[in-house]
Amino acid sequence: MERIVFFIVVAIYILAGVAVTRYVKNKDDFYVMSEKGSTLLIVGTLAATYLSAVTLLGIGGMVYNEGPVPHVAFGSFGAWLGTLFAVIYVGRKMKSLNCQTIPDFFEKRFNNKWVTVIAVSIMIIALLGYGVVQLIGAGVVLAEILDIPFPVLILLFTGALLIFSALGGMFGVVVTDTLMFFTMLAISLIIAPLIIGQAGLDQIKSLGEVIPNYWGVTGAEERPMGWVVSQFLMWILFFGCTPALVSRVFPAKNDFVVLKTAVIGIFCAPLMQIFIFLAAAAMQVLQPGIDPADRMFIVGLMDYTPSALAGVGLAGLMASIMSTASTLFVLTGFALAKDLFENVLHKDIDEKKGLILGRAAQIVIAVVVCIIAIMQPSSIFWISIYAGSIFAVSWMPTIIASFEWKRMNSKAAIASMSAGVISFIVLGELNKREVIHLSPNFDHFYVSIIISIAALLLTGFLTKPTEHEQFYYEQMKTSKLSTSTIQSILAKPNGLAELRSEYKKTFTYAVSFVVISVVLWGYFIVNMAL
Amino acid sequence: MNTGALLLFVNAILTTLLSAGIVIWILRKEYLPTIKRLEEEEQTNKNMEFRNQMKKES
């Protein structure tokens, strides 16, 4: 049964990927789907990033053992706010500047090959570390359930992913992500509530009496408060600038699609995650002592879900892995082809060759990912420890200063990115090897972000921006996504009526989702908190 | 009272409230003035057309 589900799901995604290939005719189609993305597609591709192997297996297991408050009310809450920041501030601003990737912005803003090379290197290493380890972890679990050898499973996965990311580019990924989003939604809105229902809200609430501090802010493990707060900050800063989220905005049709995505997509973040994490707590009621706790989701699926629904759950797990992996494929491929080859080497290539180059880069990445996943070198696990925070300590200060600070220049960007990454890794290793002793309440993440900001400000004040940097800063300040959206809508016949209608629709969405959110979470407040 | 659960669900509401609030603020700041200005222009044009038509008829 599980194998049938597996092959059906893979076949559906491949067919969908192949079907969209006929729409990919030039580089714009490949990189940003010619900015034709509707609200459904952009919400779908954004929300598909909320559930990954880390969410379902890793964090799910931690919530099962320690309780939901430190990981969800702080960690995930930071991720939700970070996603909002990524869409409404970073993504929206970069889209107004016609950027197709984040390094594309660095190239336009500084016109300095070293900034682009450092930014792209950080991106490729961090994405590979974050994505491949998820692929390995979830692949091992899935190979065991399906009784398929791990290398064969990885080959099947990368082969399927290659078909829709190499042929369809961002078009293929956005469409398949939206399909995957609905499968994942089935886990959050059907399977998780089913498990929660079997345990009962009162029993989940009473876990605090059985396991001390299960509903406490620091959790059953009594994590240091400084660590809990650092998780909140780290997820805001990581998600606020991660290419996996910011790049979802670039294919949007116009600003109204981005704004509606900010409302609906951000509402989906707690919607999809809280039910999963409440189900993890419910599993603690139904079957305590699952070891390792990472298997909590699989046990819940196999033992507490009807077999037909378990198949859907398995499809959802596969969707979460494939969605993460396809993002990894497409973004690192873009970084190789567009940011390094086209931008840094300044190769002027025509549409046809550019499309071939983009696809070739996807194949290169697929081969590399496949080899790393099958070989499982220890260095990839080492990289994954630092992957998320690396974006936070290196990219975030540079991106905000690039948008807002007149004195910001390439030297400050290089100093900040290098100081952030190096200090984070060095301090982390020294602390781990007990060469230095940082307080458990003062995570080395804080030190690195301070070093990164200090390096940026110091270099920024000691050096001057170039003429290009000054000019681009002024240009950036006047560029607004709303202006181009208004112009394009008013150019149509009956444009004012359409503008008014889009305005009203977006406004109605915003108000409606506040009401839905208050009613939905208010129900849980009444039943679990009061 | 389960303060941990309260914090969790209040944060979920706060996330939607914040995103909706920011979106409404952007709509009112960046779109409403243009829509109002264009509506006024449209109304003025209609009034002028109406006056011209009345003049012609009279």
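Residues 6–27 of chain B form a span that is 100% helix and 0% strand, with its end C-alpha atoms 31 Å apart. In the UniProt record, an unreviewed entry, these residues 6–27 of chain B carry the annotation "transmembrane region". The model described here is a predicted one, and the predictor assigns the complex an ipTM of 0.91 and a pTM of 0.92. For chain B the average pLDDT is 92, with 100% of the residues scoring at least 70.

Along the principal axes, the C-alpha atoms of chain B fill a box of roughly 80 × 20 × 10 Å. Of the 58 residues in this chain, 26% count as buried.

Chain A can be described in the same terms. Its secondary structure comprises 22 helices and zero strands. A compact globule of 530 residues would have a radius of gyration near 24 Å, and the 23 Å found for chain A agrees with this. The box filled by the C-alpha atoms of chain A, again taken along the principal axes, is roughly 65 × 55 × 50 Å. Buried residues make up 57% of the 530 in chain A. Turning to contacts within chain A, and taking those with a separation of 6 or more, 85% are between residues 24 or more positions apart.

In soluble globular proteins, nonpolar side chains tend to be buried together. Here the largest nonpolar core has 199 residues, and those with the most contacts inside it are A:V263, A:M272, A:L278, A:A279 and A:M318. Helix α8 of chain A, residues 150–199, gives the most to this core, contributing 24 residues. One of the residues with the most contacts inside the core, A:M318, touches A:F6, A:V9 and A:L142 when residues up to four places away in sequence are not counted.

A few backbone details in the loops of chain A are also worth a visit. Most residues other than glycine have a negative phi, and most peptide bonds are trans. Against that background, the peptide bond joining A:D291 and A:P292 is cis, with omega at about 0 degrees. The proline of this pair, A:P292, is found in the loop between α13 (255–286) and α14 (296–303) of chain A.

A:S34 counts as partly exposed because it has 18 C-beta neighbours inside 10 Å, where 20 or more would be needed for a buried residue. For A:E434 phi is about 60 degrees, and this glutamate lies in the loop between α18 (410–432) and α19 (444–462) of chain A. With 7 C-beta neighbours inside 10 Å, A:E434 counts as exposed.

Key. Residues are numbered from 1 along each chain as its sequence is written. Chains are lettered from A and ligands numbered from 1 in the order in which they are written. Helices (H or I, at least four residues) and strands (E, at least two) are DSSP runs, numbered from the N terminus. The radius of gyration is taken over C-alpha atoms; the globule rule is 2.2 Å times the number of residues to the power 0.38. A residue is buried if 20 or more other C-beta atoms lie within 10 Å of its own, exposed if 12 or fewer, and partly exposed in between; C-beta atoms are placed from the backbone. Two residues are in contact if their C-beta atoms, placed from the backbone, lie within 7 Å. A nonpolar core is a set of buried Ala, Val, Leu, Ile, Met, Phe, Trp, Tyr and Cys residues joined through C-beta atoms within 7 Å. UniProt positions are given in the numbering used here, feature names are shortened, and annotations may be inferred rather than shown by experiment. pLDDT is the predictor's confidence in each residue, from 0 to 100.
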